[in-house]
Amino acid sequence: MIRFRGDLSTASHEIGHFLDLHYDLTTPWAGKRTKSPFDGELLAPVLQHTSKRHWLLEKRRREGVAEFIRAYTLNPAEASRVAPAFAKHFESTVPSDLRK
């Protein structure tokens, strides 16, 4: 939820949730106990500071996507360094005009 005007960090996180849902970034791995090829990156502590340990895997994965997109918005090179496989998936799935 965006509470303050100009809060780019929170806005990009929330946009990340929208992009995840709209472009099915994690939907193929939404089933119970289904592993994603990106779990090693999306579930890494650096992308999980908004998640709770007791949350279901799918929800923690979606938070990882939102945090990746927050990082990508602020520093694409660093986000791609932290999550290179997911960065390739993101860049090949989301149209380039939406990533500018």
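Student: How many aromatic pairs does the structure hold?
Tutor: This is a predicted model. Rings count as a pair if their centres lie within 6.5 Å. The number of aromatic pairs in the structure is six.

Student: Is the pair of Phe-38 and Phe-86 stacked or edge-to-face?
Tutor: The two ring centres are 5.5 Å apart, with 80° between the planes. Planes over 60 degrees apart count as edge-to-face. Phe-38 lies in the loop between helix H1 (8-22) and helix H2 (39-42), and Phe-86 in helix H5 (residues 84-93), 48 residues apart. The pair of Phe-38 and Phe-86 is edge-to-face.

Student: Which parts does the pair of Phe-68 and Phe-86 tie together?
Tutor: Phe-68 and Phe-86 are 5.0 Å apart centre to centre, with 85° between the planes. Both residues are buried. Phe-68 belongs to one helix and Phe-86 to another, 18 residues away in sequence, so the pair ties together H3 (residues 57-74) and H5.

Student: How far apart are the end C-alpha atoms of H1?
Tutor: H1 has 15 residues, and at 1.5 Å a residue the helix should span 21 Å. The distance in the model agrees with that: 20 Å.

Student: What do the buried residues of H1 pack against?
Tutor: The buried residues of H1 include Ala-11, His-13, Gly-16 and Leu-19. The helices that the buried residues of H1 pack against are H3 and H5.

Technical notes:
Residues are numbered from 1 along each chain as its sequence is written. This is a predicted model: local features need pLDDT of at least 70, side-chain atom pairs count only at pLDDT 80 or more; totals for chains, interfaces and linings use all residues. Side-chain values use heavy atoms; hydrogens and water are left out. Rings of Phe, Tyr and Trp (its six-membered ring) pair if their centres lie within 6.5 Å; planes under 30 degrees apart count as stacked, over 60 as edge-to-face and the rest as tilted. Helices (H or I, at least four residues) and strands (E, at least two) are DSSP runs, numbered from the N terminus. Buried means under 20% relative accessible area, exposed over 50%, partly exposed in between (1.4 Å probe, protein chains only). The expected span of a helix is 1.5 Å times one less than its number of residues. Contact means heavy atoms within 4.5 Å.
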